[in-house]
Amino acid sequence: MTHDMLRDAEALLYREASLLDHGDYDAWLDLFTPDVVFWMPAWRNEVEQTQDPDRELSLIYYQGHSNLEDRIRRIRSGLSVASKVPLRVVHAVSNVMVTAQTSDGASVSSCFTVHLVDVRAGRTHVFFGRYEHELVKTEKGWRIARKVVRLLNDVVPTLLDVYSI
Amino acid sequence: MSAYRISDLIDDRPENGVFRINRALFSDPDLFELELSHIFEGGWVFVGMACQAENPHDFFTGFIGRVPILISRSGEGTLGGFINACPHKGARIAQQLSGNARLHVCPYHSWTFDSAGANRNIKWKNGGCYAAGFDRDNHDLARIPRFGEYRGFLFASLNNDVPSLEDHLGEARKLIDLVVDQSTEGSELVPGAVRFTYAANWKMQLENCSDQYHFTSTHPSYLRILNARAQEQKDEVVQSTLGGSDFWKEDAEGPTGGTYSFANGHVLNWGLMAVTPALPLFERADAIAERVGTARRNWMFNMRNLTIFPNLQIAENASSQLRVIRPVAHNLTEMQTWCIAPRGESAEARRMRIRQYEDFFNPTGMATPDDTVVYEECQAGMARQERPWLQGHARGLAASVEGGNAYSDSIGLFPQRSVLGQAQTCDESLFHSYYRAWVGRMRGALA
């Protein structure tokens, strides 16, 4: 049972990574539930991250699918100079573990590295950290109800968008 | 002495209606070194907030130019500004960004200092066979020559020969008051600092904060989302403070805002905004008016981008941000940013402020990356050219008048110059104040 869940979780995480790598944002958006929480906390100091998004700052905090749709709308708008020349990105997801499981849900932790080439600026960078996914089983298969991105190298060189993490 | 004369770099001829800046100010590495010495290490700079070291023995660290500093609150509760370097061999005695320590022990040879900077121990002093000259030296942490606080905002100068902090800030103090007086308890920084870099000169950020001209052309992707959100009114997305205001729209009628410039390089760019629930401050609108008067309350709701030259910016527009500019190289700048907020606001107001902040101000949001990418595009064009003079400091000059106007009079604010703007004025002449302060600090280094 746990073994199957691990395979399902890996398949979903790898699929998510691949969709971001290829800029297939419609399919990426389709992976999330309507009431998804998408959260990248900031750092309070060298060792602690912010914990309460209503009282502390996050790098990104969204509750609700339409917020993610707005992000994609901006990237595709043709009106954002930061989004004009797409960055080339590769997501590598590893160390996938199922940390909790019920009949129709699972908590999954993993590590990520995202290598980027900012072609416009002639610059490469690597963002890395950990993911925490809450998955729920729906009629369409597994979907992401909550995604936490714990970015370790949080001094952002010029920009970081949803495809960078 | 640099090869440049000031007149090669800044063409300031008000009598001819000319103000031009040479691209070299953004692209010359030698000039950048002079700026570090004379602007950042040669005069008053912002170093942090008193609330970052609230309790006895709290401290935080940072830099003034290239010099590491330690701001520490003593056991008696007095804030002090020190050079964060051991007098012995120079090691930074505090390595953390912030913390609480009665004693700071140097990691190299354990020289020890208390939270008031006094040397409390030199390891094996008695057995050290020191000659008499050593005992005549002061072994305490070096104090930053000038250090002062204005209503929780801390400033310091490595150069002792500067005017008082009160004189340095001048009239701009009244604009800091508009931030602090939003609560009877003053301002605080929301936990969670955000840092980012961009590969361009620090003055790109200095100017952009007070550049109304770029808003509709750099951020149309964001503005389009604001409009859609205002129409859809979904609960799950945050509404913008800017949605209900016209000051930035090209077809707005009548005065929409303007600029004020002050002595020593401080400037304000502002836009008229109504007292509406789109701002988290709205819950206290009546109480604030009662406490500080309607005119000052109304000003607290206006869009206000304040720069305290050379490195502090407080932007109250889409939310409320405190920014510190840290120049790293002529073409690299680090920004340290916080959400600044009135203490004691309701949980709902705070949540709204934070959401509005993240969307607009974060380098991971939907507006700032378009700014920082544009800075880098500008930096590319700052390379030496046949036409060295930029044309970006000219708008508004014909509308610039000495002194203030009815809006500044209403709160007893007396700027050196002002421009009252229509929707498409988008004054650039307020930047002149930056560069005149720049000249003031660089005068000794340039002919």
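This is a predicted model: local features need pLDDT of at least 70, side-chain atom pairs count only at pLDDT 80 or more; totals for chains, interfaces and linings use all residues.
## Where the chains meet

Let's start at the interface. On one side, 34 residues of chain A are in contact with 37 residues of chain B. Three elements of chain A, namely β2 (58-63), α3 (65-76) and β7 (156-157), each put in at least two residues on the side that touches chain B. The largest share of that side belongs to α3(A), with six residues.

β7(A) runs parallel to strand β14 (residues 194-198) of chain B, and two bridges link the pair. In that pairing, P157(A) has T197(B) of β14(B) as its bridge partner.

Chain A has an open sheet of six strands, and the pairing in it is mixed. Reading across, the order is β2-β1-β6-β5-β4-β3. The edges are β2(A) and β3(A) (88-102), each of which pairs on one side only. From one strand to the next, the twist averages 20°.

## Helix α3(A), between sheet and partner

Now back to α3(A). This helix packs on the sheet, where it touches β1 (32-41) and β2 of chain A. Its direction makes about 70° with that of β1(A). A quick length check works out: twelve residues at 1.5 Å a residue should span 16 Å, and the end C-alpha atoms of α3(A) are 17 Å apart, which agrees.

Which residues of α3(A) are buried? They are N67(A), L68(A), D70(A), R71(A), R74(A) and I75(A). These residues cover an arc of only 150° around the axis, so they sit on the same side of α3(A). What do the buried residues of α3(A) pack against? Their partners are α2 (25-29), β1 and β2 of chain A, together with α9 (220-232) of chain B. After the helix comes G78(A), with a positive phi near 75°.

## An enclosed strand in chain B

Over in chain B, have a look at strand β16 (residues 267-271). Five of its five residues are buried, so β16(B) is largely enclosed by the rest of the structure. V267(B), N269(B) and G271(B) point one way from the strand, while L268(B) and W270(B) point the other way.

Strand β15 (residues 257-261) of chain B runs antiparallel to β16(B), joined by five bridges, and S261(B) has V267(B) as its bridge partner. The hairpin of β15(B) and β16(B) has five residues between the strands, and N264(B) takes a positive phi near 70° there. β16(B) also pairs with strand β17 (residues 303-308) of chain B, again antiparallel and over five bridges. In this pairing, L268(B) stands opposite L306(B).

Most residues other than glycine have a negative phi, and most peptide bonds are trans. A few places here go the other way. N95(A), which is not a glycine, has a positive phi of about 55°, and this residue is found in strand β3 of chain A. Is N95(A) buried or exposed? With 10 other C-beta atoms within 10 Å, N95(A) is exposed.

Q233(B) is another residue other than glycine with a positive phi, near 50°. Q233(B) is in the loop between α9 and β15 of chain B. Having 8 C-beta neighbours inside 10 Å, Q233(B) also counts as exposed.

Finally, there is a cis peptide bond from F309(B) to P310(B), with omega near 5°. P310(B) lies in the loop between β17 and β18 (312-316) of chain B.

Terms used: Residues are numbered from 1 along each chain as its sequence is written. Chains are lettered from A and ligands numbered from 1 in the order in which they are written. Two residues are in contact if their C-beta atoms, placed from the backbone, lie within 7 Å. Helices (H or I, at least four residues) and strands (E, at least two) are DSSP runs, numbered from the N terminus. Two strands pair if DSSP finds at least two bridges between them. Axes are lines fitted to C-alpha atoms, for helices over the stretch in contact, and angles run from 0 to 180 degrees between N-to-C directions. The expected span of a helix is 1.5 Å times one less than its number of residues. A residue is buried if 20 or more other C-beta atoms lie within 10 Å of its own, exposed if 12 or fewer, and partly exposed in between; C-beta atoms are placed from the backbone. The arc is that of the directions from the helix axis to the C-beta atoms.
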